[in-house]
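Subject: Handover of a structure

Dear colleague,

Please find below the structure that I am passing on to you. My notes on what was found in it follow directly after.

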Amino acid sequence: MNEPRFEGSYLGDASRINDDSKMECKICWYVYDPAKGDDVWQIPAGTPFTQLPTHWRCPVCDGDAEQFLVYCDDDY
Ligand SMILES: [Zn+2]
């Protein structure tokens, strides 16, 4: 149990993201929650971040999906 904690943006490395991982926009702090999906892009609830369409962008600031950070609420 000595995995390094991932803190940077995922940069397209989907292997770092679990199906239930929340992802946070580092520009506007919008959090994508797979349990909720995304009304703006009509993403159904239960869609993992890794399964979002490639054209998906932050619904708040239009930032690129690749600049999202893994959001670790397990730490708190
Ligand atoms: Zn954003």
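What arrangement do the four donor atoms around the zinc ion make, and which angles do they subtend? Please bear in mind throughout that this is a predicted model. The angles run from 103 to 117 degrees, which makes the arrangement tetrahedral: four donors count as such if all angles lie between 85 and 135 degrees. For reference, the ideal angle for four tetrahedral donors is 109.5 degrees.

The protein donors of the zinc ion are the SG atoms of Cys25, Cys28, Cys58 and Cys61, lying 2.3 Å from the ion. Along the sequence, these donor residues follow the spacing C-x2-C-x29-C-x2-C. Cysteine 28 belongs to the loop between strand S1 (22–25) and S2, whereas cysteine 61 belongs to the loop between S2 and S3, so this pair ties together parts that are 33 residues apart in sequence.

The accessibility of three of these cysteines was also computed. Cysteine 58 has a relative accessible area of 2% and is therefore buried, the cut-off being under 20%. Cysteine 28, at 26% relative accessibility, counts as partly exposed, and cysteine 61 is likewise partly exposed, with a relative accessible area of 28%. The structure holds zero disulfides.

Turning to the strands, S1 pairs with S3 in the antiparallel sense over four bridges. Within that pairing, lysine 22 has tyrosine 71 in S3 as its bridge partner. S1 also runs antiparallel to S2, and two bridges join them; here glutamate 24 stands opposite valine 31 in S2. S1 and S2 form a hairpin with five residues between them, and tryptophan 29 in the turn has a positive phi of about 70 degrees.

Is threonine 47 buried or exposed? Its relative accessibility is 12%, so threonine 47 counts as buried. The side chain of threonine 47 reaches the backbone oxygen of proline 44 at 2.7 Å. Leaving aside neighbours within four places in sequence, threonine 47 is in contact with Tyr32, Pro34 and Leu52.

With kind regards

Notes: Residues numbered from 1 in each chain as written. Predicted model: local features only at pLDDT ≥ 70, side-chain atom pairs only at ≥ 80, totals over all residues. Heavy atoms only, no water. Buried < 20%, exposed > 50% of the residue type's maximum accessible area, 1.4 Å probe, protein only. Polar contact = N/O pair within 3.5 Å; in protein donor to acceptor, adjacent residues only side chain to side chain. Contact = heavy atoms within 4.5 Å. Disulfide = S-S within 2.5 Å. Donors = N, O, S within 2.8 Å, 3.2 Å for Na, K, Ca; no water. Tetrahedral: all angles 85-135°; square planar, octahedral: opposite > 155°, others 65-115°. Pairing = 2+ DSSP bridges.
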